[in-house]
Amino acid sequence: MLKSIKKGIALLLSSALVFALAGCSGAAGGKRIIRISHSQSETHPQHLGLVEFEKYVESKLGDKYDVQIFPNELLGPSVKAIELVQTGAIDFAIASTGNLETFDNIYQVFSIPYLFDSVEAYHKVMEDKELMNSIYKSTAAAGFEAVTWFDAGTRNFYAKTPIKTPKDLKGKKIRVQQSPTNVKMMQAFGAAAAPMSFGEVYTAIQSGVIDGGENNELALTNNKHGEVAKYYTYNQHQMVPDLLIGNLKFLNGLSPEERQVFDEAAELATKVEREQWSVATNKAIEQAKEMGVQFIETDVQAFKQKVLPLHKELLSENPKLKPIYDKIQEVNKEVKEMK
Ligand code: GCU
């Protein structure tokens with residue numbers, strides 16, 4: 001009962017917010033307000049990247065645009081924020097490709113577990129502008145497209161009890177993003193998948209609704225999950241990027257000169273975020289240790305074997321993935337040979 005009242009209030013609040021956002025049509029003192037939503041705290045590398053985006057746009061076009069960043073899921077959880085970008089109630093949001101999957105299934109590709117053989121291969125693929133631009137445009141029919149990417153590290157399991165081998169996942173309920181492929185992956189690992197938004201994870205672990213989650217190390221500190229889950233296992237199942245998505249009508253309404261400024265700002269945001277990423281990750285590991293989190297090294301191959309059959313299954317279900325998958329395999333090979 002209490003839960004449904006709370007949900008009702010949240011819903012009311014969010015519809016009031018959308019109404020308010022739509023009502024003021026984004027103009028303040030003659031300036032067009034640009035609203036950007038993301039799920040992380042203000043110390044997270046993505047927020048720092050967006051601050052540079054804001055500064056850059058305002059340094060070039062400050063008489064016309066006022067960029068405002070809304071962190072911490074303030075405008076709603078990620079899927080909701082994507083919908084707000086879709087309708088144009090807000091202009092930009094950072095979204096994980098996991099959460100973009102239901103808007104265009106091309107994004108399933110990044111949810112394939114053990115897709116990239118190394119961080120180098122992952123970065124090389126993400127830096128391939130030709131490949132990525134074609135993927136970025138795939139959601140045009142849905143009313144938005146991606147303009148750049150942000151590193152979101154490597155995803156690993158964390159839980160209330162240690163996960164040392166895949167056997168330890170049996171009978172466990174693990175949170176996944178709201179993505180059908182991630183649900184499949186979790187089932188293939190032998191655990192029960194609990195899809196939910198990122199902001200719900202802390203309470204769900206704390207109250208015992210789920211046993212754990214899977215994410216990069218920053219989830220332990222920036223999102224405080226290390227307070228309630230003390231074991232983090234380096235099984236390295238995914239490298240899932242975050243994308244900065246923008247409302248298409250807004251982007252298409254910019255003059256070529258303005259669009260260039262926004263593109264340069266996006267590139268700068270990515271540069272800053274990536275420079276901050278490893279620094280922030282190392283800091284998160286130290287902080288998590290101080291919180292009492294134990295980091296567990298494991299036999300990655302044992303985890304990989306459990307989910308490898310998914311590659312074939314997903315590629316046959318969605319033939320669109322094949323050319324991108326093949327390209328990624330080529331990059332995996334190239335990087336391996338260079339080492
Ligand atoms: C990471 C990622 C977010 C994503 C979150 C999640 O933190 O950066 O964009 O929403 O994982 O698991 O939902």
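On the face of α13 turned away from its buried side sit the exposed residues Pro309, Lys312 and Ser316; exposed here stands for over 50% relative accessible area, buried for under 20%, and partly exposed for the range in between (1.4 Å probe, protein chains only). Helices (H or I, at least four residues) and strands (E, at least two) are DSSP runs numbered from the N terminus. The model is a predicted one, in which local features need pLDDT of at least 70 and side-chain atom pairs count only at pLDDT 80 or more, while totals for chains, interfaces and linings use all residues. Residues are numbered from 1 along each chain as its sequence is written, and side-chain values use heavy atoms, with hydrogens and water left out.

Helix α13 spans residues 309-317, and its buried residues are Leu310, His311, Leu314 and Leu315. Viewed down the helix axis, these buried residues fall within an arc of 125 degrees, so they line one face of α13; the arc is taken over the directions from the helix axis to the C-beta atoms. Among the elements covering them are α7, α12 (300-307) and α14 (321-338), with contact meaning heavy atoms within 4.5 Å.

A cavity is a set of points, on a 1 Å grid over the protein atoms alone, where a 1.4 Å probe fits but cannot get out, and its lining residues have an atom within 4 Å of a point. Grid points are joined across faces, edges and corners, and a volume is the space filled by probe spheres set on the points. Two cavities of 30 Å³ or more are counted by this rule. Strand β4 (92-96) and helix α9 (218-221) each supply at least two lining residues, and β4 gives the most, with three. By class, this lining divides into eight nonpolar, 12 polar and three charged residues.

The second largest cavity has a volume of about 30 Å³. Tyr114, Leu115, Phe116, Gln236, His237, Gln238 and Met239 form its lining.

Finally, Gly190 lies in the loop between α7 (180-189) and β8 (192-195), and is partly exposed at 35% relative accessibility. Leaving aside residues up to four places away in sequence, Gly190 touches Leu169, Lys170 and Gly171. Its C-alpha atom is separated by 9.8 Å from that of Lys173, 17 residues apart along the chain.

Key. 1 Å grid on protein atoms, 1.4 Å probe; cavity = no way out; pocket = protein on both sides within 12 Å on 5 of 7 lines; lining within 4 Å. Nonpolar A, V, L, I, M, F, W, Y, C, P; charged D, E, K, R; others polar.
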